[in-house]
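I opened my notebook to look up a few things in this model, from the whole chain down to single residues. Here is what I had on screen.

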Amino acid sequence: MIISFRFKNFRSFMDETYVDMKAVNYKEHPNHLIMTDNKKIIKTLAVYGANASGKTNLFLAFASFHTFIWGEIFSLRDIPRNHFMSLLHFSSVCRIVPFEGADDNNSPTEMELSFISGGKVYEYGFSIFEQKIISEQLTVDHHVVFTRNCGKLSIGRSYEKLLRQKAGIQPNDNRLFCTILLCLDIPEFSAIMKPFETFFLEHILYYHDYQEPFQLAGALFKEDRLYKALESPNALNYGLSQLRKLGIPVEEFIVDKGILKLGYRIKSRSSDEYKIRYMDSTKISMGTIKYLRLFMQIYFISQNGGVLIIDNISNMFHPTVIKFIIDSFQQEKNSNMQLIFTTYDVSILNNQQFRRDEVAFVDINEYQESRLYTLADIKVRSDASFSKDYLLGKYGAVPFVSDSFF
């Protein structure tokens, strides 16, 4: 569960930026909150903004931070990469890139995530400059585990004795010190570092369409996704059941003579009876595959808890499906899932769908610097017409449109 994410000097975000999932003391929509560690955490965050304002850079901030840690863990663990991470997370798209609007930017990029895993509260972050680690810090349940700054390591008071026998351990500019702690055969460190590792391995999932430019053929891409779906039958069955709720009459996947086929329940005009008609993978709608993939990810998140981060949900799903997805996260019985997504869909931008702390905006100024703020930050009333006022420009983060097309 994410409590907050802070970053600075990343792509179009020059100044310190907070993605704060801690709830404001509002009375509306109490079902949209999760109580954990004496904190109220919001379940959903919708991020609006004009084209080229920096919304995708917000998505990439999460992914880049996550990827950097993943790469370090992979160098220490024999983990099949394809099982967990998509092509996005190992591409140049996810490099930690400083603010791109200034030629004389000699400041490090800073990133810090506060999250809950295994019943423990973690605060972990680092700063990096030209791919060299400048500083790093880890706190667990409000106790400092370690800090490092410019090559100097300081161990928290509660953990000093445990590391006396490891006096030779020193930080390296090219290595996160947290991954060194993952390798230590010390039970007390294993107890805090295992939930840390599990969070980054299993509890953050992404939905995006960035893989497609890397594929040689769309049909191969589609078929690969379908075969992967067969690897997780419980998630597949959940996904199929959600598709049926959307009026897509899918019944099952089968492999017939090496060909993957999806069975649809279709009514016969001649007999007026229902039967199963199978369609091979090359003829299945890409929209159906996208829905299935998303619902399977929601299933995985629901089993272990965590956060699903979606870039531009408006481009991929019909507005009624978007609302269906958001409602599934906001329902009262959800106690372990969060959804963060960017969108243009103003049909859901209202006080019946969201609390004021669940709606954020990304705006960009004349210096091409992005900033993030919420309806709560700008003191919007709970009875305001969110969508109408947004389109009127009262909240900012809308495109500037000239008087004439020509």
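My entries follow, starting with the ground rules.

**Ground rules.** I worked from a predicted model, in which local features need pLDDT of at least 70 and side-chain atom pairs count only at pLDDT 80 or more, while totals for chains, interfaces and linings use all residues. Residues are numbered from 1 along each chain as its sequence is written, and side-chain values use heavy atoms, with hydrogens and water left out.

**Whole chain.** I found nine helices and 18 strands; these are DSSP runs numbered from the N terminus, helices being H or I with at least four residues and strands E with at least two. Of the 406 residues, 50% count as buried (under 20% relative accessible area; exposed is over 50%, partly exposed in between, with a 1.4 Å probe and protein chains only). I also looked up contacts (heavy atoms within 4.5 Å): among those between residues at least 6 apart in sequence, 63% join residues at least 24 apart.

**Helix H4.** I picked out H4, residues 187-202, which has 16 residues. From first C-alpha to last, H4 reaches 22 Å, close to the 22 Å expected at 1.5 Å a residue (1.5 Å times one less than the number of residues). Where does H4 bend? The bend is at Met193, by about 30 degrees, and Pro195 follows within four residues; the angle is between axes fitted to the seven residues ending there and the seven starting there. Both Met193 and Pro195 are buried, and other buried residues of H4 include Phe189, Ile192, Phe196 and Glu197.

**Two loop residues.** I noted first that most residues other than glycine have a negative phi. Gln131, in the loop between strand E7 (120-129) and strand E8 (132-140), has a positive phi of about 65 degrees. Cys150 is exposed, with a relative accessible area of 63%.

**Cavity lining.** Last, I asked which residues line the largest cavity. They are Leu58, Phe59, Phe62, Ile309, Ile310, Ile340, Phe341 and Thr342. Helix H1 (55-74), strand E15 (306-310) and strand E16 (337-342) each supply at least two of the lining residues. A cavity here is a set of points on a 1 Å grid over the protein atoms alone where a 1.4 Å probe fits but cannot get out, and lining residues have an atom within 4 Å of a point.

Terms used. 1 Å grid on protein atoms, 1.4 Å probe; cavity = no way out; pocket = protein on both sides within 12 Å on 5 of 7 lines; lining within 4 Å.
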